[in-house]
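Visitor: Could you walk me through how to read the features of a model such as this one, beginning with the general idea each time and then turning to the case at hand?

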Amino acid sequence: MTDVNETRLKELVDRVHGDLGGAFSVSLVRIGHEVGLYRTLKEIGPVKADDLADASGCAPRYVREWLSAQAASGYVHHERGLFSLTPEQALVFAEPNSPVNLIGGFDTAAAMVENQPKVQSAFKTGRGVAWGDQAGCMFCAVARLFRPGYVNALVQDWLPALDGVVDKLKAGATVADVGCGHGLSTILMAHAFPNSRFIGYDFHADSIAAATAHARADGLTNVCFEIGRAQDFGGRDFDLITCFDCLHDMGDPKAAAAHVRKALNEGGTWMVVEPMAADTLEENINPVGRLYYSASTMICVPTSLAQETGLALGAQAGEKRLTEVIQSGGFKHVRLTAKTPLNMVLEAT
């Protein structure tokens, strides 16, 4: 037997203990969000456990144990029997529009666990798991995961980084949001640019139904949603086409790139928002790469393999590989225009 380095073993065990603590916290964080414990704690803390239970309408014994777990995780502050959220903890757990709100990440982790039997089977068969066959809450979980980034950067930073696009949107442009999911990105743009017309396309009928309901609830009249695949959605002569965190999920992103090129008018722009990634595994061995490689194994690669061609780029394809795919569709110029810790934005013309 190879000699064991006790120092490295302890470091690994300690790391796994920390990981397990995070994994064990997934259900607790989701409960805290759903029953309003984080929100109430932000409003009334510092507070005793029983008073938080009373204010949130929860059973005291459960709340006491929940708070203890949260304090041990560093998600809640505890001092002299009183619990509260620091400003930093509130940004992560209690403020839905915060750019670092991570509740959606915990929802996505739960959906990945629920999805395990299907993906585990696919490991043996090599087949995919269709987006419509994923765990029941996967679609809302993914929408919630990406929402903070879109709310805080799409209109403020990403669109202005494109050459001349904001001026077109202000004057009145026609925009297709391809792979729109629940329509959050489409609706944000429609709110910001009332003179423009937006069409959201997605191949998942339930997501289109959800997006339509969201737009109707917001009272928007300049946006609609239609079922359509990236490689053959309807419509032509678009000024702007967008794809948010979906190109790598497509079975045939090269065919999608070619169709997007044909659907744009002369002078039109394709904005591709993708998970942040470098071009090599070595560069992606970091906390963000760890999240995305894991999600890609459970969600992105199975989704792509379930479709025609099944190129399976994965969530960490990187700028170089994505540029190759985009240029294969006939685009001459591709440039990185913006980035955040979780996303990068490519402009193709």
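Guide: What follows takes up salt bridges, backbone features, helix packing and a surface patch in turn. This is a predicted model, in which local features need pLDDT of at least 70 and side-chain atom pairs count only at pLDDT 80 or more, while totals for chains, interfaces and linings use all residues. Residues are numbered from 1 along each chain as its sequence is written, and side-chain values use heavy atoms, with hydrogens and water left out.

Visitor: How many salt bridges does the structure hold?

Guide: Side chains of opposite charge can pair when their charged atoms come close. The term salt bridge is used for a side-chain nitrogen of Lys or Arg within 4 Å of a carboxyl oxygen of Asp or Glu, and the structure holds 12 of them. In one, the side chains of D50 and R64 meet at 3.0 Å, N to O; this pair links distant parts of the chain, with D50 in helix 3 and R64 in helix 4 (residues 60-73), 14 residues apart. Helices (H or I, at least four residues) and strands (E, at least two) are DSSP runs, numbered from the N terminus.

Visitor: Is E347 buried or exposed?

Guide: E347 has a relative accessible area of 6% and is therefore buried, whereas its salt-bridge partner R335 is partly exposed at 39%. The closest N and O atoms of E347 and R335 are 2.5 Å apart, and the pair links strand 9 (residues 343-348), which holds E347, to strand 8 (residues 334-339), which holds R335. Salt bridges that share partners also join R30, E34, D107 and R144 into one network.

Visitor: What should I look for along the backbone?

Guide: A cis peptide bond, with omega about 0 degrees, joins G45 and P46, and P46 is placed in the loop between helix 2 (37-44) and helix 3 (49-56). Phi is positive in R80, near 55 degrees, although this residue is not glycine, and R80 lies in the loop between strand 1 (77-79) and strand 2 (82-84). D245, also a residue other than glycine, has a phi near 50 degrees; R80 is exposed at 82% relative accessibility, but D245 is buried at 7%.

Visitor: At what angle do helix 8 and helix 10 pack?

Guide: Axes are lines fitted to C-alpha atoms, for helices over the stretch in contact, and angles run from 0 to 180 degrees between N-to-C directions. Helix 8 (residues 138-158) and helix 10 (residues 184-192) pack at about 25 degrees, with their axes 9 Å apart, and are therefore roughly parallel, a word used for angles under 35 degrees.

Visitor: Which residues form the nonpolar patch on the surface?

Guide: The patch is formed by L12, V16, L20 and F24, which together have about 390 Å² of accessible area, as given by the Shrake-Rupley method with a 1.4 Å probe. Patch residues have over 30% relative accessible area and no salt bridge, and nonpolar side chains are joined within 5 Å. V16 lies in helix 1 (residues 6-34) and counts as partly exposed at 37% relative accessibility.

Note on methods. Patch = residues over 30% accessible without salt bridge, like charges linked within 9 Å, V, L, I, M, F, W, Y side chains within 5 Å. Buried < 20%, exposed > 50% of the residue type's maximum accessible area, 1.4 Å probe, protein only. Parallel < 35°, antiparallel > 145°, perpendicular 65-115°, else oblique.
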